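Hi everyone, thanks for making the time.

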Amino acid sequence: MLGGANNINFESAWREISTVCFAAIRGEKVENKAWCSSFYIIRAICHSGHGSEVSKLYKAVLDILNERIRELRRELSSARNDSFLPCFNCLWENFHSGLQCLDNLFGYLNGHPWFLRKPINEDEDVGVYFSEEIQTVNVFQLGLSMWKTELIDNIRSQLASCLMTEVSKDRSGIVSNQDCIPTCLESFLLIDAMGNSPSVYVDLFEKPLIKDTRVFYSEWSTRACTLSCIDFISEALEFLHHETKRASKYYPYLCGEIVNLFGETLVDQQWDFLNSSVRKLLDTEEEDVLRKFYQLYKTINQCDKLLKTFNLHVKAKVSSLLADIPNDISAHSYFVKKILTERDHLIRLIDQVFGGTSSFLRTMDESFEQVINSSLGFVAANTASKTLEPISNDQIPNSIRVAQYMNHYLDEVLGCHEQHLTNEELNEKVSAVISLSKYIKERDLFWQCYQRSLSCRLLLNRTASLNLEELTLAKLNEDCGNELAFKCRLMIADVKSSETINDDFQKYLTDCNISLPLSYQCSVLSKSYWPIKAENSTIDLNHISSLADYRVHFEAFYKTKYSKRNLCWALSVCTAECKILYADDGRQYTLQLFGLHAGVLSLFETRDVDQMTLEDLRLNLMPVKSVSADRSEVKCDEEEIVKKAVKPLVDAGFLKLLRPDDLSSTNEYTEASIIALNRAYTNSDINVNLIYDSTLLNSEEEKGRKVQKETQENCECFTQATIMRILKHEKSIKHAELLKRIKEEENCCFHPSVKEIKISIEKLIDQGYLERNPKDLHEYRYLA
């Protein structure tokens with residue numbers, strides 16, 4: 001029948017296998033013996049060595065597929081519109097299973113290497129020849145391609161119309177042939193997987209569905225806009241739920257497109273209505289309705305627009321808080337407590353309404369930071385009009401005032417003001433305040449203020465616990481680290497080591513049989529770590545004989561312990577406890593005051609007088625200075641210190657400031673003005689505290705301006721050092737690259753502007769450390 005492997009009669013062989021092939025494509029039952037025999041014959045044809053025989057076999061398969069598809073098309077043409085989709089699915093399932101059987105039967109042909117020669121003209125028969133580019137013919141793919149070209153392409157409009165009709169019926173609640181949609185779409189996707197272009201799925205279903213859905217959503221939106229806000233959101237959520245449920249059931253690949261299309265429709269047609277409603281709901285904080293709003297926005301992927309509205313809401317809330325800050329000593333407490341309360345309230349709102357989403361928390365933090373660090377002046381309360389008025393140019397900048405408020409509040413928590421609180425409560429308060437530090441953009445200013453506050457607590461013995469101070473410093477360094485954190489740690493270490501030094505000194509006095517009439521405690525501080533300037537430390541209190549003796553003995557002791565260290569006494573920031581015995585009421589008043597003020601009172605006792613001029617006070621209180629090139633400037637500084645030494649005592653009533661001519665009261669501090677003991681002083685409290693938190697005895701505005709000035713100087717020095725370090729390594733560098741490197745170097749510490757960087761560069765050029773390249777003025781060169 002077949003002859004040898006190389007001598008096959010194709011007509012005879014095809015008559016033997018054609019029956020099996022037709023039965024396979026129709027899905028009919030085939031006996032195993034006939035199936036195996038047909039498979040062997042197909043294998044023999046492929047091994048015959050004649051390309052013409054393989055070509056005949058290929059053409060025979062095409063004829064079988066063509067004939068079967070024509071049969072199915074005739075059967076489908078008789079179906080009515082209401083049964084068209086079920087009939088199509090039934091025929092597709094029959095063809096698909098039959099095609100798989102036929103593909104299995106011709107499995108050897110599928111793996112046979114051959115290449116179709118392109119015909120010279122349409123009448124030319126298709127020939128076969130072997131090529132170096134090996135291709136394989138897949139009967140299954142061939143059948144799918146023919147299904148598309150011979151059947152689907154001829155019923156495209158009817159098929160797409162039936163699919164859209166079923167979707168429309170389902171939206172109207174009419175049960176029909178919707179279950180046929182998934183099977184039909186799977187057939188489209190299987191055909192598209194062959195890489196056919198254009199896509200059957202897109203052309204016959206996706207595009208028509210998107211077009212009809214856009215119209216459907218627009219009509220729904222127009223009808224629903226007449227509802228109230230609450231009803232609109234509830235109906236929108238229910239409507240979208242049904243749409244997503246339908247899409248997930250029938251066309252899951254388009255579920256995301258359907259949701260996005262619904263969101264686009266709402267944004268295009270109802271955004272003004274929704275946005276105004278959200279703003280009102282945020283103001284009234286109706287959580288249930290807001291929660292539904294969020295669910296809707298989240299579902300339609302429009303949370304970015306909700307975030308913008310939430311951002312404006314938070315900014316308005318924080319701005320209103322800042323507008324009501326009182327202009328008194330409670331400003332810092334009001335600021336911190338209100339900000340913490342509002343932030344906690346917003347966090348709870350985010351948790352309850354927005355599910356604690358990180359994007360809303362991040363937006364809240366950004367809003368707080370933008371308002372707190374606004375370039376506008378810090379707002380003050382205007383009780384009449386409640387308007388926001390920027391501060392004038394001569395007031396403290398906003399960034400400094402915020403840093404001062406937070407540090408002042410933190411100082412109260414860490415100081416002895418909160419002794420009634422437990423350690424756990426103190427830790428909670430400290431953590432809450434530290435959490436606000438991330439909102440301060442100029443963190444170097446914050447650290448400057450914190451270092452000063454810390455020095456006050458440590459020197460004035462006002463800290464509740466050194467362990468709490470160390471814990472606070474560690475938290476601050478973790479949240480907003482700065483190079484000053486290292487100095488603050490060493491400041492605490494100085495205080496701890498001073499306790500040991502004082503104990504050792506008492507042993508030294510005992511061993512040397514030395515006794516002092518008064519009790520002294522000395523704090524040995526590292527000069528470079530503490531914010532104490534020399535001009536505020538060079539006060540001479542040697543007229544107090546016991547203090548002079550103490551200094552002599554302590555210096556002798558200290559040299560025995562640390563031979564290579566030198567002591568510089570900062571008497572202006574020391575504290576003292578004095579007893580006032582000159583009051584006419586006969587009571588003894590105990591004063592706690594700075595050493596500078598104690599030195600003033602001790603002068604009256606040392607000189608045994610009731611009054612003296614301010615010039616006499618200055619000459620006795622100030623140390624003897626060497627001849628200066630500008631004596632007038634030195635004298636001016638001394639007069640300022642004398643005023644700071646006298647004014648608190650005059651304000652407290654212990655001293656009187658008198659005119660030199662008629663001894664009447666005055667407020668003018670001149671050299672001829674007289675200060676006198678106020679023997680008429682009386683007070684219901686015999687313990688009076690004149691120590692306040694100021695290491696330099698400055699007003700709040702003076703301290704703020706000094707912090708700003710010192711911070712600017714530190715930033716300039718750091719910037720110049722960074723420039724020199726970069727130039728020393730690179731030798732030469734372009735201007736743009738230098739700016740980029742400086743920003744990278746200083747990102748964690750200071751934030752100099754481009755203008756400040758340019759000023760630093762010019763100063764270094766003037767000082768001879770750098771030079772511009774004569775051939776390229778945008779390039780700098782390092783000068784050794």
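**A first walk through the model**

Let's begin with an annotation: in UniProt, an unreviewed entry puts a "coiled-coil region" at residues 55-82. What you're looking at is a predicted model, so what does that stretch look like here?

Okay, now the whole protein. We've got 27 helices and eleven strands. Of the 784 residues, 45% are buried. And if you take the contacts with a separation of 6 or more, 69% of them are between residues 24 or more positions apart.

Let's zoom in on helix H7, which covers residues 156-171. H7 crosses helix H8 at roughly 140 degrees, and their axes come within 11 Å. That crossing is left-handed. Who's doing the touching? From H7 we have Leu159, Leu163, Glu166 and Val167, and they meet Ile181, Cys184, Leu185 and Phe188 from H8.

Stay on H7 for a second, and find Arg171. Is Arg171 buried or exposed? Its relative accessible area is 18%, and the cut-off for buried is under 20%, so Arg171 counts as buried. The side chain of Arg171 makes a polar contact with the side chain of Thr213, at 2.9 Å.

Next, follow the chain past H8. Helix H8 spans 180-192 and helix H9 spans 200-224, and in the loop between them you'll find Ser199. Ser199 has 23% relative accessibility, so we call it partly exposed. Its side chain reaches the backbone nitrogen of Tyr201 at 3.4 Å.

Now jump along to another helix pair. Helix H19 is residues 466-480 and helix H20 is residues 484-511; they pack at an angle of about 170 degrees, with the axes 10 Å apart. Because of that angle, H19 runs roughly antiparallel to H20. Here too the crossing is left-handed. On the H19 side, the residues involved are Leu466, Glu469, Glu470, Leu473 and Asn477, and they meet Ala485, Cys488, Arg489, Ile492, Val495, Lys496 and Glu499 in H20.

One more stop. Look for strand S10, residues 770-773, where you'll see Asn773. With a relative accessible area of 13%, Asn773 is buried. Which side chain does Asn773 pair up with in a polar contact? That would be Glu779, at 2.5 Å. Skipping residues up to four places away in sequence, Asn773 touches Glu779 and Arg781.

So, a quick recap before questions. We have a predicted model with 27 helices and eleven strands. We saw H7 with H8, crossing at roughly 140 degrees, and H19 with H20, at about 170 degrees. And we stopped at three residues: Arg171, which is buried, Ser199, which is partly exposed, and Asn773, which is buried. That's it from me, over to you.

Terms used
Residues are numbered from 1 along each chain as its sequence is written. This is a predicted model: local features need pLDDT of at least 70, side-chain atom pairs count only at pLDDT 80 or more; totals for chains, interfaces and linings use all residues. Side-chain values use heavy atoms; hydrogens and water are left out. UniProt positions are given in the numbering used here, feature names are shortened, and annotations may be inferred rather than shown by experiment. Helices (H or I, at least four residues) and strands (E, at least two) are DSSP runs, numbered from the N terminus. Buried means under 20% relative accessible area, exposed over 50%, partly exposed in between (1.4 Å probe, protein chains only). A polar contact is a pair of N or O atoms within 3.5 Å; within protein, one must be able to donate a hydrogen and the other to accept it, and residues adjacent in sequence count only if both atoms are side-chain atoms. Axes are lines fitted to C-alpha atoms, for helices over the stretch in contact, and angles run from 0 to 180 degrees between N-to-C directions. Angles under 35 degrees count as roughly parallel, over 145 as roughly antiparallel, 65 to 115 as roughly perpendicular and the rest as oblique. A crossing is left-handed if the near helix is turned anticlockwise from the far one by less than a right angle, and right-handed if clockwise. Contact means heavy atoms within 4.5 Å.
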